[in-house]
Amino acid sequence: MELIFIAALCSVAVSILLKIAKNRGMSPIHMISWNYVTASVLCFFWFKPDIQHISMSQTPWLLILALGVLLPSVFLFLAKSLQTAGILKTEIAQRLSVVLSLAAAYFIFQEQFNQFKIFGIVLGISSVLCILFSHRQASESSKQGMFFLGLVWFGYALIDVLLKYTTSLGLQFAVALNLMFICAMILSMIYLLLQYRHLGSGKDIGFGLLLGALNFANIAFYVKAHMMLKDTPAIVFAGMNILVVIFGVIAGLLIFKERLKPASTIGLILGVISVVCLAYAMSV
């Protein structure tokens with residue numbers, strides 16, 4: 001359980017760091033780009049991918065390229081959502097992207113659903129709608145928040161589906177993950193040079209490297225938790241998602257002084273119940 005706790009803390013710490021850095025005038029896109037430098041290096045040493053046996057013909061390079069574009073793009077949507085919608089709602093939207101992933105599992109991968117999984121998905125969608133509804137009659141900034149919340153929700157689900165498809169092709173997880181990080185890093189750096197003509201300030205680079213360490217730690221400890229608790233994946237799934245939502249709420253209320261509207265409160269409650277239902281559905 002300690003691994004799940006650390007993974008959840010790292011996940012929320014990523015959002016806190018992005019929000020604090022933006023408030024201090026740093027560039028999220030530069031930080032996100034440098035984050036993949038650290039993530040690529042740590043991934044190589046932690047997972048030890050078998051890069052010597054990468055096949056030019058068998059490796060799905062188009063899929064890796066797509067994820068190389070999606071990973072930094074969705075990360076940028078996350079940064080925008082943190083600024084316009086707040087950490088509390090952003091973390092909920094990010095965690096509940098699993099609802100769309102499960103819907104894709106049913107329609108694309110032909111996965112069988114029981115009543116708890118269906119109920120969990122319905123509650124999850126209702127939760128996201130409640131959170132988005134809280135922006136309905138708000139300022140222009142809040143309407144932007146609604147837009148970026150939707151992008152975070154959809155973007156993380158799309159990445160999850162593509163990663164599932166990648167593993168179904170037989171490509172080793174470590175190799176795939178490392179190649180995706182490297183691709184995201186290269187494309188991000190090229191974008192920075194073309195768009196900004198520089199790779200960022202010293203603070204951007206420093207915070208970006210720290211961001212990459214936290215981002216990778218989140219992934220590494222989550223994967224290790226799944227490996228250690230391979231017979232009870234529902235515990236990992238539920239623990240991770242619920243803890244991230246709880247930590248996100250605490251950070252939003254105590255650190256950034258965010259306020260919960262009634263619709264957001266209802267969405268939070270529905271979101272937690274949704275995760276519990278989905279976790280139970282995975283265990284039966």
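This is a predicted model: local features need pLDDT of at least 70, side-chain atom pairs count only at pLDDT 80 or more; totals for chains, interfaces and linings use all residues.
Residues are numbered from 1 along each chain as its sequence is written, and side-chain values use heavy atoms, with hydrogens and water left out. Local features need pLDDT of at least 70 and side-chain atom pairs count only at pLDDT 80 or more, while totals for chains, interfaces and linings use all residues.

**Stop 1: M31.** Select M31 in helix 2 (residues 28-47); helices are DSSP runs of H or I, at least four residues, numbered from the N terminus. M31 has 0% relative accessibility and counts as buried (under 20% relative accessible area, 1.4 Å probe, protein chains only). Now show what M31 touches beyond four places in sequence: L17, L18, A21, M26, D204, F207, G208 and L211 (contact is heavy atoms within 4.5 Å). Draw a C-alpha distance from M31 to G206 and you get 8.1 Å, for two residues 175 apart along the chain.

**Stop 2: E258.** Jump to the loop between helix 10 and helix 11 (262-283), where E258 sits. Which side chain of opposite charge is nearest to E258? That's K19, 4.3 Å away, and buried E258 has no salt bridge (a side-chain nitrogen of Lys or Arg within 4 Å of a carboxyl oxygen of Asp or Glu). Check the backbone nitrogen of L88 too: a polar atom of the E258 side chain lies 3.3 Å from that nitrogen. Outside four places in sequence, the contacts of E258 are K19, G86, I87, L88, G252 and L253.

**Stop 3: I250.** Finish on I250 in helix 10 (residues 233-255), which is partly exposed at 42% relative accessible area.

Technical notes
Helices (H or I, at least four residues) and strands (E, at least two) are DSSP runs, numbered from the N terminus. Buried means under 20% relative accessible area, exposed over 50%, partly exposed in between (1.4 Å probe, protein chains only). Lys and Arg count as positive and Asp and Glu as negative; His and the chain ends are not counted. A polar contact is a pair of N or O atoms within 3.5 Å; within protein, one must be able to donate a hydrogen and the other to accept it, and residues adjacent in sequence count only if both atoms are side-chain atoms.
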